[in-house]
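Please read it alongside the sequence and structure shown here.

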Amino acid sequence: MSGAGGFTRDVAVVGGCGHVGLPLAITLASRGLRVAVIDVNAAAAAAVQAGRLPFAEPGAGSALRRAVSAGLLTAGTDPAAAASAEHVIVVTGGDSAAVISAVAAARLRDGQLLVLRSTLAPGSTARVEKLLAGAGLDVDVAYCPERVAQGRAMTELAGLPQLVASRTERGLGRASRLLAVLGAALVPMTPEEAELAKLFANTWRYLTFAAANEFYMTATSLGLDYERIRRGLIAGYPRAAGLPAAGLAGGPCLPKDARLLAAAGGGGQLAAAALAVNEGLPGYLVGRLEQRFDLSELTVGILGVAFKGGCDDTRHSLAWRLRQLLARRAAAVLCTDPEVTGPGLVPLRRVLAEADVLVVGAPHRCYRGLVTAKPVADIWNVLGRGVPG
């Protein structure tokens with residue numbers, strides 16, 4: 001990339017030690033760009049600077065080590081490092097106040113391109129533009145939302161089309177040239193279109209999960225196996241192919257984005273209904289268990305506390321809510337997870353030995369071959385045994 005304007009780096013990623021920023025930073029560095037990763041988490045920044053991932057992301061570890069060794073990627077906590085880069089990517093998302101705060105901390109200067117990367121509340125890009133104009137800064141602004149899934153970022157960054165939005169032709173051109181480095185197709189939009197596109201995408205997924213979970217509750221209330229019905233329904237029938245399996249639909253993105261869309265106007269009835277269904281599922285599961293067992297006399301084991309299978313992220317995991325509900329009713333609750341470390345977790349062998357009833361909280365691959373004679377509440381159908389009816 002060009003070194004014009006006195007910039008010594010090509011890209012600075014603000015908030016770059018997280019699940020959104022770090023895979024992007026690593027990928028850009030692997031394409032030969034000089035990248036500075038900036039994050040308030042000193043421990044995570046130190047790990048990245050040492051060539052270690054602060055979280056699990058398949059395919060990223062070796063690429064990070066190569067980038068650090070080549071001097072193409074550095075990490076630290078000083079926001080002033082953003083001033084050295086021609087392109088500043090801010091991955092803080094959410095409401096406008098949070099985004100503006102992150103942009104202000106980045107200490108931008110004339111000639112830079114600011115790329116907003118995470119989910120934004122509608123109108124946030126325009127508010128950032130107004131902030132920069134009021135400060136007298138000549139900075140191009142683009143909104144290019146991330147679209148990858150945790151655990152697949154290193155492949156999807158290059159494989160999925162990138163939405164590119166800017167108010168000006170110059171900003172659109174600069175953002176397009178930057179993201180073209182990834183090798184993915186580019187889809188131009190206006191900032192407002194891109195803001196809604198990202199919210200629509202995540203809320204649509206959340207709505208489909210809510211439909212599946214409501215169907216699951218209907219089936220199990222009637223003593224039937226939802227997954228058996230679903231597989232029969234979708235077999236050779238393309239109009240139903242998009243119906244997902246049931247599961248605890250939590251995590252840091254989908255519920256948050258559904259709330260942002262509901263608050264954006266237009267009623268938000270579907271998003272609100274989806275939140276009620278998905279976040280009410282742990283209570284439904286506990287209620288079903290109480291119908292069958294005297295939980296006050298039993299130890300319940302929860303297999304997996306991450307918000308989805310194959311990851312180590314517990315943010316907004318509904319398995320934790322499930323644990324809280326069970327802790328008020330069961331004699332004891334034991335939790336285990338092969339991907340997560342921390343207080344309150346015990347080895348799988350202890351859970352299998354001491355628990356009277358098991359609940360699958362996250363569908364980790366290692367649970368698929370699990371053999372146990374104990375009753376299992378398995379909404380994900382990892383073991384093919386369903387939920388006790």
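Gly301 has Leu334, in E10, as its bridge partner. The model is predicted, with local features needing pLDDT of at least 70 and side-chain atom pairs counting only at pLDDT 80 or more, while totals for chains, interfaces and linings use all residues. Residues are numbered from 1 along each chain as its sequence is written, and side-chain values use heavy atoms, with hydrogens and water left out. Strand E9 (residues 299–303) runs parallel to E10 and is joined to it by five bridges; strands (E, at least two residues) and helices (H or I, at least four) are DSSP runs numbered from the N terminus.

Helix H12 (residues 318–327) packs on the sheet, where it touches E9, E10 and strand E11 (357–360), contact meaning heavy atoms within 4.5 Å. The direction of H12 makes about 180 degrees with that of E9, where axes are lines fitted to C-alpha atoms, for helices over the stretch in contact, and angles run from 0 to 180 degrees between N-to-C directions. The sheet is open, with four strands in the order E10-E9-E11-E12 and parallel pairing, and two strands pair if DSSP finds at least two bridges between them. Because strand E10 (332–336) and strand E12 (376–377) each have a single partner strand at the edges, one side of each is left without a neighbour in the sheet.

## The eight-stranded sheet

A further open sheet has eight strands in the order E3-E2-E1-E4-E5-E6-E7-E8, with mixed pairing. Its edges are strand E3 (73–76) and strand E8 (186–189), each with a single partner strand, so that one side of each lacks a neighbour in the sheet. Strand E7 (residues 162–166) runs parallel to E8 through four bridges, and Gln162 has Leu186 in E8 as its bridge partner.

## Glu195 in helix H8

Glu195 lies in helix H8 (residues 191–221). Glu195 is buried but has no salt bridge, and the nearest side chain of opposite charge, that of Arg167, is 6.5 Å away. Here buried means under 20% relative accessible area, exposed over 50% and partly exposed in between (1.4 Å probe, protein chains only), and a salt bridge places a side-chain nitrogen of Lys or Arg within 4 Å of a carboxyl oxygen of Asp or Glu.

## Two positive phi values

His316, in the loop between E9 and H12, has a positive phi near 55 degrees and is exposed, with a relative accessible area of 59%. Asn381, in the segment after E12, has a positive phi of about 60 degrees, but Asn381 is buried, at 15% relative accessible area.

Notes: Lys and Arg count as positive and Asp and Glu as negative; His and the chain ends are not counted.
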